[in-house]
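Here's a protein chain to explore together. Take a moment to turn the picture around before reading on, and keep the sequence handy.

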Amino acid sequence: MTKRKKSPAGESIRTGASPQILAQALLDNLYYVQGRLPELASTNDWYMALSYTVRDRLLHNWVQTLKAFAADIKAVSYLSAEFLIGPQLGNNLLCLGIREQVRKAVARHGRSLEELLDQEGEPGLGNGGLGRLAACYLDSLATLEVPAIGYGIRYEFGIFDQVIRDGWQVEVTDKWLELGNPWEICRPEIAYEVGWKGHVEAYPDAAGRQRRRWAPGVVVKGEAHDYPVPGYRNRVTNLLRLWKAEAVESFDFADFNVGDYYGAVQEKVLSENITKVLYPNDEPEAGKRLRLSQQHFFVSCSLQDMIRIHLLRGRSLESFQESFAIQLNDTHPALAVAELMRLLVDEHLLDWEAAWEITRNTLSYTNHTLLPEALETWPAPLFAELLPRHLEIIYEINQRFLDEVRLTYPLDEDRVRRLSLIDESGGKSVRMAHLACVGSHAVNGVAALHTDLLKRTVLQDFYELWPEKFLNITNGVTPRRFLALSNPALSGLITGKIGEGWIRHLEELRRLEDFAEDPRFQRNWRRVKLENKKRLAAAIRNRTGVQVNPASLFDIQVKRIHEYKRQHLNVLHIVTLYNRLKRHPEQTITPRTFIFGGKAAPGYFMAKLIIKLINAVAEVVNHDPDVGDRLKVVFFPDFTVKNGQLIYPGADLSEQISTAGKEASGTGNMKFALNGALTIGTLDGANVEIREEVGPENFFLFGRTAPEVADLKASGYHPLGCYEQDRELREALDLISSGFFSHGDAHLFQPLVASLLYRDEYLALADYRSYVDRQDEVGHTFRDAKRWTRMSILNVARLGKFSSDRAIREYCEKVWEVRPL
Ligand code: F58
């Protein structure tokens with residue numbers, strides 16, 4: 001080891017944590033890494049220098065933790081096409097516990113820590129809940145000291161940035177790497193080759209057994225890019241390893257030698273395309289060959305990496321399952337079933353039976369959706385072209401599996417057809433959820449209701465076949481990022497009362513119950529909320545120009561825009577309040593600020609129209625003198641993790657209003673409640689469990705239940721009937737249809753209104769009355785500050801269950817069979 005430079009006080013310039021040493025380290029990094037003198041340095045230069053300074057302090061722990069991977073300890077491998085990790089600097093400071101020292105060090109150079117934190121963009125390497133969940137789980141794994149690697153894709157362009165122009169969403173390329181990325185360590189020596197296309201050959205092995213061998217037509221290299229994932233104040237730093245596609249050099253040179261220079265360059269460009277861009281959800285299936293390539297690419301690199309690590313331990317592949325528990329985050333990495341079989345059987349020459357045993361014992365699968373249109377399938381011809389050997393393996397798995405099914409259910413060919421990995425209705429396609437179920441030893445849903453519905457709907461046949469494989473693990477969120485980091489004022493207040501144990505043991509929040517009615521604590525609670533609302537109001541002013549009143553009820557819905565999440569139901573309520581005010585301008589109502597945020601998939605017309613509607617209603621309501629300050633509507637552009645950290649703490653009311661049975665879990669519901677917002681919600685996803693925990697008297701419930709939704713649909717639902725029977729609903733819809741919010745253009749919102757009146761797949765009209773009545777109660781309750789504050793405190797106090805630490809403990813015990821370091 002090289003000798004470390006020491007300060008006079010004996011602290012190392014690379015690890016010391018006093019303000020003095022940090023200030024010196026900052027200057028060193030500014031000079032030697034950024035190549036800048038302080039007087040010429042930009043804010044970004046300072047941000048980079050600070051990040052390197054913090055990274056130095058993480059690396060020591062990281063190197064130590066990596067040793068665990070060389071030792072004989074079982075590690076978790078979390079395979080996910082998305083990791084929505086959010087800004088890194090603030091969280092790393094929190095985990096290391098050096099924020100105040102760093103603040104002083106930065107101040108010595110005349111800079112503010114806030115300004116540098118704000119300079120950081122974020123890696124938008126995910127669409128929404130699923131990607132963020134993966135990031136929360138990595139945080140908990142590290143905090144619970146479980147050795148873990150997150151494996152994913154290093155997209156060059158993450159989820160698009162959302163800009164609002166004339167009320168419409170416009171997508172802008174996310175160039176997150178543009179200004180450099182101090183958290184990433186590129187490891188060119190950790191790289192694997194991944195193949196596509198080509199053909200499969202049969203040959204006899206040394207023992208004379210028939211074997212298959214894949215000769216790919218195209219080969220690309222995957223290069224590891226590593227991110228440190230620190231635990232909270234515990235010296236453990238795990239690893240997030242993202243793969244970047246590169247051209248394989250030998251290919252370039254071969255082309256170059258025959259003089260095809262441009263051919264070689266094109267090869268390089270095509271290879272690198274694989275990790276160019278994250279797919280936004282809800283895009284049509286067609287033309288998604290690149291997406292299948294991405295899945296195969298990151299799965300193959302990750303499995304090869306795990307096998308390398310396992311063999312480095314001096315173990316044989318028969319014991320692979322003792323080195324790794326691999327979690328499939330939805331079906332995006334489900335190809336792992338076929339790829340692990342291929343690596344074990346074709347490359348490492350194991351028997352099929354032995355390989356199958358290893359595969360099943362190693363893999364487990366989490367399902368995140370019940371929406372049939374969201375269940376992944378790939379056309380067999382596309383598979384055959386891109387991954388011919390994998391398709392053969394899948395056919396073989398299927399044949400053996402269906403033979404087993406036939407033994408269990410003789411003469412039930414209908415069931416065999418339903419269970420098959422191949423959908424034969426229409427053109428043949430591969431059902432990825434079926435592949436994941438067959439290849440895993442455990443299958444879980446993400447909230448109690450979701451798991452229940454999984455067993456009774458989309459995976460019913462699998463549940464009947466293997467009931468013991470199924471379990472529920474309700475999602476959770478990390479209290480570090482979503483309370484300690486994003487809401488320092490509330491955290492301080494809580495810690496002042498019950499100590500800081502809650503940061504690792506969220507159940508300890510329960511002790512706040514004793515203070516729910518304490519007048520002084522209540523006053524402080526309200527003061528903190530008001531501060532957070534002022535901070536949010538300032539950001540709203542800054543980004544939208546709208547001035548909102550921090551004393552009004554902040555009613556917030558932030559999440560991806562989707563018809564099942566029913567942002568338009570929220571809009572119908574706003575228009576209803578507006579109509580009431582127009583009819584009785586003198587009426588006293590609880591002043592409200594409605595805040596929306598969320599991205600629509602670029603190809604999802606209806607979702608984009610909903611954004612336009614929100615902005616159109618905002619435009620009218622915000623400028624109507626009859627309304628004054630009583631209603632304001634805001635669309636906060638570009639909802640990200642970073643913006644979320646600002647928004648959740650400023651909420652009074654959390655909108656969790658999806659049609660019952662559609663939202664698998666939701667995690668925003670947990671983030672809001674943890675920050676003291678009350679929920680108005682349906683009995684959907686984890687709302688059910690949140691309500692159970694906080695008590696029904698502290699939750700604003702409305703709407704039909706999942707069985708009621710199913711019954712209504714089965715008995716023939718006629719939304720027009722709701723419209724005819726409810727005057728306020730009729731007036732709200734009529735006003736939208738009339739062109740009132742669209743400068744007289746009566747066509748603009750017709751597709752939305754017509755879809756509600758004549759189809760209303762997500763029962764917005766059926767739940768309207770119950771929603772509006774509950775909202776009236778919300779408005780009423782908010783006027784009773786003591787009662788509201790009590791409810792808010794009790795919500796926070798009873799939220800312990802929704803820590804991602806609890807979820808990870810359950811995975812460790814029930815699925816992975818791993819123990820902390
Ligand atoms: C979400 N799924 C669920 N998918 O909708 C949400 O209820 C749940 O809380 C969350 O997972 C975590 O379990 C989700 O975010 C995606 O974003 C997919 C990404 C890939 C394309 C299809 C959508």
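Let's start with charge: the chain carries 101 positive and 107 negative side chains, and the centres of the two sets lie 6 Å apart. For this count, Lys and Arg are positive and Asp and Glu negative, while His and the chain ends are left out. Each charge is placed at NZ of Lys, CZ of Arg, CG of Asp or CD of Glu.

Before going further, a word on what you're looking at. This is a predicted model, in which local features need pLDDT of at least 70 and side-chain atom pairs count only at pLDDT 80 or more, while totals for chains, interfaces and linings use all residues. Residues are numbered from 1 along each chain as its sequence is written, and side-chain values use heavy atoms, with hydrogens and water left out.

Now zoom out. The chain has 33 helices and 22 strands; helices (H or I, at least four residues) and strands (E, at least two) are DSSP runs, numbered from the N terminus. Along its principal axes, the C-alpha trace spans about 90 × 80 × 55 Å. How does the radius of gyration agree with that of a compact globule? A compact globule of 821 residues would come out near 28 Å, and the chain has 28 Å, so the two agree. That radius is taken over C-alpha atoms, and the globule rule is 2.2 Å times the number of residues to the power 0.38.

What about inside and outside? Of the 821 residues, 61% count as buried, where buried means under 20% relative accessible area, exposed over 50%, and partly exposed in between (1.4 Å probe, protein chains only). The accessible surface comes to about 31400 Å², and 52% of that belongs to carbon and sulfur atoms. These areas come from the Shrake-Rupley method with a 1.4 Å probe, and for residues only the protein chains shown count as cover. Among contacts (heavy atoms within 4.5 Å) between residues at least 6 apart in sequence, 76% join residues at least 24 apart.

Next, find strand 9, residues 237-247, where eleven of the eleven residues are buried. In a regular strand the side chains alternate between the two faces of the sheet. Here Thr237, Leu239, Arg241, Trp243, Ala245 and Ala247 point one way, while Asn238, Leu240, Leu242, Lys244 and Glu246 point the other way. Strand 9 pairs in the parallel sense with strand 2 (residues 148-153) over five bridges; two strands count as paired if DSSP finds at least two bridges between them. One spot to check is isoleucine 149, whose bridge partner in strand 9 is leucine 239. Strand 9 also runs antiparallel to strand 8 (residues 218-230), joined by eleven bridges, and there you'll find glutamate 223 opposite lysine 244. Six residues sit between the strands of this hairpin, and among the hairpin's residues arginine 233 takes a positive phi near 50 degrees.

Look for glutamine 656 opposite glycine 681 in strand 21.

Is threonine 659 buried or exposed? Its relative accessible area is 1%, so threonine 659 is buried. Leaving out residues up to four places away in sequence, threonine 659 touches Tyr564, Arg566, Asp684, Val709, Tyr762 and Leu763.

There's also an open sheet of three antiparallel strands, in the order 12-14-13. Strand 12 (377-379) and strand 13 (422-423) stand at the edges with a single partner strand each, so one side of each is left without a neighbour in the sheet.

Finally, compare two helix residues. Serine 51, in helix 2 (residues 43-70), counts as buried at 0% relative accessibility. Arginine 790, in helix 32 (residues 785-797), is partly exposed, with a relative accessible area of 32%. Not counting residues up to four places away in sequence, serine 51 touches Leu89, Pro182 and Trp183, while arginine 790 is in contact with Ala516, Glu517 and Gln522.
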